[in-house]
Amino acid sequence: MNDTKKFWNLFKRHRDKELSAVGKEKERALQTQLGKLVRNGIAFEFDKGKVLPRQSKFGGRPSLPTSWQWPRYTNEYGEEQFLPFLLQINCEELAPCDTDNLLPHEGMFYLFYDLVNQPWLNGPGAQLLYTPTPAVELTPAEYPDGLADTQRLHEMGVKFSNDPSIPDWDDYNSLLGGDDNASNYTDWDIIEPQLESWGYPTVESDGRLLGYARLIQNGIAELCESRARGDKPESYSPESAREWVLLLQLDSVDEPEIEVPFGDCGSLYFYIRQSDLKRRDFSHIQFEMQCY
């Protein structure tokens, strides 16, 4: 009996070592795989210091081209209204962080959004606009008379930093073949607990450009492609959906000076086709809002 017990103890120790070696090898393979999916993202945080008119900022008055008017639209109730100004991004300030040279390095992005009705999907109530006009040629706009004081938002500066960005579960699954690939689920169960030790800690920010979105609900790229195909859904494919990438994400604002919740602690997401981004064509941007 003692010899039998010793044999099984040796057998289990040997088996456990083999299993441990296989597990470590699997982890290394997944770490390498994840490293190939990393994208450079640009995180941003609000800055409570002095804000200049043409710098990147949240709230206040945007600096616009002289030929532009403050954006307005007709809402679902047939009422024409001015859109609150949320965000201005000076592209010259992005250049040091745009290591892949994906974004324009001149001009300005602007985000205007209907804070009352808070649309969820594409429409004139959510407008991400771009002008190539150099910042020095832009002029601070006056608030329109029809914009309520409650929609003239507190002004804060914006600071940018590099953020090595990895996909979350939905994007990971999509990039590696979709829901019919059952191994993706078990692989992610291995990956997720290791993210910090592999050098991918969660970086707190107020929003981001490029990289991967921090999703609250399901993946967005597939929905963008499906909507873009319109009445030709048969032309949709997982490969064509991967053409869509995050351009901008803005999270709900929770600051002592101002709170701007998107739904229930949600985020605004703007996606663009990689080919459009390369051509600097910002006329086909897709929008979605997600919340808890």
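1. Ten strands make up an open sheet, ordered E8-E7-E6-E2-E10-E1-E11-E12-E15-E16, with antiparallel pairing. Strands E8 (126–131) and E16 (286–290) are the edges; each has a single partner strand, so one side of each lacks a neighbour in the sheet. Strands here are DSSP runs of E, at least two residues, and helices are runs of H or I, at least four, numbered from the N terminus; two strands pair if DSSP finds at least two bridges between them.

2. Please keep in mind that this is a predicted model: local features need pLDDT of at least 70 and side-chain atom pairs pLDDT 80 or more, while totals for chains, interfaces and linings use all residues. Residues are numbered from 1 along each chain as its sequence is written, and side-chain values use heavy atoms, leaving out hydrogens and water.

3. Inside the sheet, E1 (residues 39–47) and E11 (residues 207–210) are antiparallel partners over four bridges. Gly41 has Leu210 of E11 as its bridge partner.

4. The largest nonpolar core has 41 residues, of which Phe58, Leu86 and Leu209 touch the most other members. E12 contributes the most, four residues. Such a core is a set of buried Ala, Val, Leu, Ile, Met, Phe, Trp, Tyr and Cys residues joined through side-chain atoms within 4.5 Å; buried means under 20% relative accessible area (1.4 Å probe, protein chains only).

5. The whole structure has zero disulfides, meaning pairs of cysteine sulfur atoms within 2.5 Å. Cys291 is buried at 9% relative accessibility, and its sulfur lies 8.7 Å from the closest cysteine sulfur, in Cys265, too far for a bond.

Technical notes. Buried < 20%, exposed > 50% of the residue type's maximum accessible area, 1.4 Å probe, protein only.
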